[in-house]
Amino acid sequence: MKRAIVLAGGGAKGSYHFGFWRAIRELGIDFQIVTGSSVGALNGAMMASGLYESGLEMWNTIKTPDIIETSPSRLSEVIDTEGIAGALKSFLGDLGESAVNVKMDPFPLGELIAKYLDEKLLRENGIEFGIMCSEYPNMKTHPVTLKDIPYGMLSDYLLASSTVYPSMEPKEISGRKYVDGGYSDNFPVNLALDMGAEDIIGANLCANGIEAKYETDYPVRVIRPWFDLGPTMEFVPEIAKRNLALGYNDTMRSFGKLDGTCYTFEKGESEKMQNEFEKFCVEMLTKCGAVSPSEKDQYYKTLAVKGLSEKRKQRFGLMHKNLATVCAETAAEIFCVDPTKIYTGETIMESLFKEFSVFEEKEENRMASLFQTAKPLNYKLGQISSIDSREVTAYLVNLWLELANSESQNRDLRTLCRFIPKEFFASLYISFLKIKGE
């Protein structure tokens, strides 16, 4: 069986690939094919060469001037670039404006390739390698494999696959012009299939660009980041370090070696957290009226939990196992807890309390003020979106704590369950932690 690694394009976000690769190495997963587009092609060449340490050094040290030289574009002197930038923004994301207003010279990138890549080693290592480029000006896919690249011209094709047009001039090779692979297929699964892959593991950076559809009966596992990986063309070691950790964590969770759905927990922590949280969760959901007494045994199938699973894009059928984890992760994301660490139930509690305490101690809370007024409920619900989610969650925590010491239902909680499920369940979990810690 031939296994392929597929790496997507995404500029500076590509540091994520090396966290992915670290996990692949630790898991002992071998591969026979590597394909990539743009920065995925650059990282893919290192991966196919086995240059893990060299690539790690590169990503831990490079800064934007090491990749490109920039200068103001004179295109705006000839045409109105504002409309073009707007159109490109939907395609290139944060790169849209600079693509027409900034001129980029990839000369430093060529020097970086020469420093960190060894074409002879790549060709002798025995891993099949494929690069995705886009033909200019028709933007058709132009896949090329290592065996089809004349010796000494590898860097030309790597630069072609990374040429962000119109900020960079199309790369001319043998009389034909090429631009970034993201203009035709930013995640070249089809190229891997055409090269004979029967099992595919991909790292998709969720960057802007075209991704060609693919159909196959072979298994395709795609690792994607939950958290933003930063600007496309800002190469900063601190951001790279963060992305490396996220790539590692996401991959290890995907293979079941660590727990969690977007945050990361030590193996076995999800089950432990669920066992501790479940009784409190059922009691409080029933007490506030979000779950009826007849639904208590299957609370995880109710509309309240379904609303959370939809908002968090989690499998509804697995919420009976993952509800505590999803609630903890939702609270962690609301309060901007560091997603690069590997947590236990205790350490996520410590991190949550540290961030939550800032809002818990605020003298004024807009959410509390809003619900203390006599204005209609539909007005109050309409105003919630303008309030910081952290303030909303802090307000709901107080309601849960009051409810825990009361025999009567809280109509606000029962209503808000349907409209703001993320804050509703995040506050429920923090309330549980606070009562548990007393």
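Colleague: Is Cys417 buried or exposed?
Modeller: The model is predicted, so local features need pLDDT of at least 70 and side-chain atom pairs count only at pLDDT 80 or more, while totals for chains, interfaces and linings use all residues. Residues are numbered from 1 along each chain as its sequence is written, and side-chain values use heavy atoms, with hydrogens and water left out. Buried means under 20% relative accessible area, exposed over 50%, and partly exposed in between (1.4 Å probe, protein chains only). The relative accessible area of Cys417 is 6%, so Cys417 is buried.

Colleague: How many disulfides are there?
Modeller: A disulfide is a pair of cysteine sulfur atoms within 2.5 Å. By this rule the number of disulfides is zero.

Colleague: How far from Cys336 is the nearest cysteine sulfur?
Modeller: Cys336 is in no disulfide. The nearest cysteine sulfur belongs to Cys262, at a distance of 13 Å.

Colleague: How many aromatic pairs does a search of the whole structure find?
Modeller: Rings of Phe, Tyr and Trp (its six-membered ring) pair if their centres lie within 6.5 Å; planes under 30 degrees apart count as stacked, over 60 as edge-to-face and the rest as tilted. For aromatic pairs in the whole structure, the search gives 19.

Colleague: How is the pair of Phe18 and Tyr52 classed, and how many residues apart in sequence are the parts that it ties together?
Modeller: The pair has 6.2 Å centre to centre and 25° between the planes, and is stacked. Phe18 lies in helix α1 (residues 16-27) and Tyr52 in helix α3 (residues 52-61), so the parts tied together are separated in sequence by 34 residues. Helices (H or I, at least four residues) and strands (E, at least two) are DSSP runs, numbered from the N terminus.

Colleague: How are the rings of Trp21 and Tyr52 arranged?
Modeller: The ring centres of Trp21 and Tyr52 are 5.2 Å apart and the planes are at 85°, so the pair is edge-to-face. The pair links helix α1, which holds Trp21, with helix α3, which holds Tyr52, 31 residues apart. Trp21 and Tyr52 are both buried. The arrangement is edge-to-face.

Colleague: How far is the charged end of Arg25 from the centre of the ring of Tyr52?
Modeller: A charge sits over a ring if NZ of Lys or CZ of Arg is within 6 Å of the ring centre and within 35 degrees of the ring normal. The charged end of Lys434 sits over the ring of Phe353, 5.8 Å from its centre. For Arg25, which sits over the ring of Tyr52, the distance is 4.0 Å.

Colleague: Which ring residues are linked with Phe227 into a cluster?
Modeller: The links are ring pairs. Besides Phe227, the cluster holds Tyr263, Phe265 and Tyr343.
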